[in-house]
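Here are a few notes to read alongside the model, written for someone opening it for the first time. Take them in any order you like.

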Amino acid sequence: MSAARGWAAEHGHLLAPLDATFQGYRVGIFLKNARAASKKAAEIEQRRAEGLPGVSSAGALPDERREQLEDIDASWCPSWPVTWQRCFHLVRMHLDAGEALPTEAGDVVRQGEDLGRWVQSVRLGWEQLTTVQQWMCEQVLGIEPAAGDEKPPPRRTQADKWAMNYKAARQFFEREGHLRVPRKHIERIIGEDQEERELRLGAWIGNQRSRAATLSRGAALRYRHALGVMRALGTVNRSGLFRSRW
């Protein structure tokens, strides 16, 4: 416990990363185990409140130790990831020092944490935060969720990519009357968002042909293997015809 106090006195909090040490003592590992034991104690208390039988206190953090850790830092065991809470605390310390809120990656790095990158992740991932986290960020740090035009466009799924390339292939075929597309050919199409897109149609067609050939070879190999097994079992003759059992 004294090592935990010493580490917290140096860093201003008790949200140590896993590899943290103090005078040779592995504080990070100690706190990880203490958090697990604290959560187990909470689960045991809940089970007892529900009147469930056979509840053992083995492995649970004693109330005395939990209170000692809370005296050092009340937020030492958050309900969400420790890394998130550590960044929150460091941003708050940064603001308390009279500095501006970091908004760009690389602007401010404290104790190995990129605070600008964290603020960006909070704003862009606002919907994934709990109500309490949202309140903390908005009311304590003054962070607001990202506006719609600030969010990056959603990543296209494989189905979306296939549909766009298929549309480009149909467009090429209707214009040229064939699909012998040069390998380096770029086809321009208008997407559903009415934006023009350039697709490497030649490379895509070539990849589809290669996959089809691979599948055909694979199917042939599987057929020959199955035929060999059936011949060994005497169910087909050398011509591949099934032998009658009657």
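1. Helix α7 covers residues 158-176, which is 19 residues, and spans 27 Å from its first C-alpha to its last. That is close to the expected 27 Å at 1.5 Å a residue, where the expected span is 1.5 Å times one less than the number of residues. Helices here are DSSP runs (H or I, at least four residues), strands are runs of E of at least two, and both are numbered from the N terminus.

2. Before going on, a word on the source: this is a predicted model, in which local features need pLDDT of at least 70 and side-chain atom pairs count only at pLDDT 80 or more, while totals for chains, interfaces and linings use all residues. Residues are numbered from 1 along each chain as its sequence is written, and side-chain values use heavy atoms, with hydrogens and water left out.

3. Which residues of α7 are buried? They are Met 164, Asn 165, Ala 168, Ala 169 and Phe 172. Buried means under 20% relative accessible area, exposed over 50%, and partly exposed in between (1.4 Å probe, protein chains only). Seen down the helix axis, the buried residues of α7 fall within an arc of 140°, so they line one face; the arc is taken from the directions from the axis to the C-beta atoms. Ala 159 and Glu 174 are exposed on the face turned away from that buried side. Just after α7 comes Gly 177, with a positive phi of about 80°.

4. α2 has 23 residues and reaches 33 Å between its first and last C-alpha, close to the 33 Å expected at 1.5 Å a residue. Its buried residues include Phe 30, Leu 31, Arg 35 and Ile 44. The buried residues of α2 pack against α1, α3 (63-72) and α4. Gly 51 follows α2 and has a positive phi, near 75°.

5. Do look at His 13, in the loop between α1 (2-11) and α2 (27-49). His 13 counts as buried because its relative accessibility is 1%. Its side chain makes a polar contact with the side chain of Gln 111 at 2.8 Å, and a polar atom of that His 13 side chain lies 3.0 Å from the backbone nitrogen of Leu 15. A polar contact is a pair of N or O atoms within 3.5 Å; within protein, one must be able to donate a hydrogen and the other to accept it, and residues adjacent in sequence count only if both atoms are side-chain atoms.

6. A nonpolar core is a set of buried Ala, Val, Leu, Ile, Met, Phe, Trp, Tyr and Cys residues joined through side-chain atoms within 4.5 Å. Of the 17 residues in this core, Trp 84, Trp 118, Val 122, Cys 137 and Ile 143 touch the most other members.

7. Leu 129 sits in the loop between α5 and α6. Leu 129 counts as buried because its relative accessibility is 14%. Not counting residues up to four places away in sequence, Leu 129 touches Trp 84, Val 122 and Gln 134, contact meaning heavy atoms within 4.5 Å.

8. Finally, the overall picture: the protein has eight helices and four strands, and 31% of its 246 residues count as buried.
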